[in-house]
Amino acid sequence: MRSANDTRLLIWLRVREFAVPPAMIETATARRLAGDWAGACAAARVDVDLHPRAAARTHGDRIASQIRADLRALAPDLLRWHLPRVAPDGLLRPGLTVALARYDPPAAPPLYLVARTPPAWADAGQRISLALWTRSADRSCAHPRPRPDRRFRLDLHRHLWDAHRAGELWQRTRPDLLPAPGWTSGYAVHRWAAEARLLLRGDGISGGPVIVRLDHGRRLLLDPDGPEPRPTGPGSAAGRPVLPDAATRIPPDLELLRAGLIDADRLHPLVATALTPDGPRARPTRVPPAPRHSAGAVERIVDCGGARHRIGLAGGVLTPLDHDPAELRREAILVALGGSPLPCLRAVDETIRHPASLADVRARLDHGDFAGALRLVEGLLGPDALLRDGALRDELETAALRRLTHGMFRAGFTGFGPPRHEQEVRRRRDVRSRPRQAINR
């Protein structure tokens with residue numbers, strides 16, 4: 001029977017295959033190393049909703065200089081690699097605001113550099129946005145949860161997004177202190193006390209217990225200088241610091257490595273470098289190879305009229321290879337008149353409507369890798385193929401509509417909820433103008 005931790009690792013394995021494509025890492029890294037932090041964000045599908053010059057006018061040159069330094073150090077592909085995700089598909093945790101860095105302007109409330117994920121109904125493309133947040137920004141922000149989340153925060157874990165500090169993953173994880181590989185709880189208990197001290201110091205608290213949130217709503221009360229953690233209820237957790245999720249669990253990449261589910265060369269280069277047993281500088285930084293898939297332009301064998309025929313790409317489209325064009329034109333006319341198509345033509349039609357690689361196409365679309373999904377479809381059907389009604393066309397049309405919804409959310413046309421159907425809009429208008437009649441419908 002598969003344990004909950006095994007299921008979690010399989011989800012993370014899927015994330016590592018589809019969520020941050022090698023092409024994204026390569027392009028974002030090249031632009032970051034060239035000093036183009038905005039271009040790196042664009043390559044990693046990160047929208048920038050902040051302006052350093054405006055920050056200088058509002059908060060002063062010193063704060064603006066700190067923000068610029070953090071933006072130059074930001075590896076947006078590494079940030080995407082480490083952001084919290086949800087089951088069952090490993091998509092980014094929706095509607096989340098994650099603190100990346102804190103700044104302290106003189107005589108003003110703290111200012112935060114934050115990363116945000118859109119709500120689930122507007123998550124097309126799995127895009128992330130960067131912004132600045134202060135307490136006074138809640139009312140003007142269109143995001144449903146603009147305030148940084150206490151549990152999911154990375155301002156105390158800069159090594160998860162700052163390229164200059166990515167090597168600290170080894171020190172903050174301390175794999176050499178982990179129990180034997182058979183230990184499968186997934187919690188970094190050996191680091192809790194040290195991480196709790198960092199949390200208290202970072203929040204300017206002299207001491208006391210912190211809350212550790214586990215799965216299924218369970219909570220522990222942890223005193224870094226006291227006895228073992230003890231269970232506690234939601235009421236007693238109010239107002240107490242919460243240990244960040246990044247400190248609560250063992251990094252999934254380390255678990256995948258220890259379980260033998262992934263090789264180091266398939267990790268993000270900065271992560272692979274940090275988790276090398278010999279030390280952070282033991283292996284060069286390189287882009288992981290692209291996932292191996294068997295859904296390319298491979299000829300298929302079809303039983304057709306007692307013979308074994310091939311279907312494959314020819315002239316930019318998927319077509320029967322063992323039938324001459326004149327025969328195919330006659331068969332097309334016959335089918336248009338209601339006749340039964342040849343087995344080769346049926347195989348081509350079925351592949352176009354319901355390809356065997358549909359699961360891989362869907363995974364890439366779900367994780368926002370539209371270019372990868374298109375390459376996969378073109379490799380299977382040909383770049384000049386015309387889509388037909390079926391599951392593949394439905395997936396592509398749904399992805400296009402979701403991108404439109406995300407654009408409406410970004411433009412502020414949908415408020416805090418998804419766009420409503422015309423019937424729902426009419427019903428709500430009637431409730432406002434003729435409430436008695438609308439209620440009786």
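**Aromatic pairs and confidence in a predicted model**

Tyrosine 112 and tryptophan 133 are both buried, where buried means under 20% relative accessible area, exposed over 50% and partly exposed in between (1.4 Å probe, protein chains only). This is a predicted model, in which local features need pLDDT of at least 70 and side-chain atom pairs count only at pLDDT 80 or more, while totals for chains, interfaces and linings use all residues. Residues are numbered from 1 along each chain as its sequence is written, and side-chain values use heavy atoms, leaving out hydrogens and water.

**Rings**

- The structure holds 3 aromatic pairs; rings of Phe, Tyr and Trp (its six-membered ring) pair if their centres lie within 6.5 Å, and planes under 30 degrees apart count as stacked, over 60 as edge-to-face and the rest as tilted.
- The ring centres of tyrosine 112 and tryptophan 133 are 5.9 Å apart with the planes at 50 degrees, so this pair is tilted.
- Tyrosine 187 and tryptophan 192 make an edge-to-face pair, with 6.4 Å centre to centre and 65 degrees between the planes.
- Both tyrosine 187 and tryptophan 192 are buried.

**Charge over a ring**

- The charged end of arginine 403 sits over the ring of phenylalanine 370, 4.3 Å from its centre; this requires NZ of Lys or CZ of Arg within 6 Å of the ring centre and within 35 degrees of the ring normal.

**Confidence**

- The protein chain has an average pLDDT of 84, and 85% of the residues score at least 70; pLDDT is the predictor's confidence in each residue, from 0 to 100.
- Residues 427-441 have pLDDT below 50, and this stretch has 6 contacts in the model beyond near neighbours in sequence (contact means heavy atoms within 4.5 Å).
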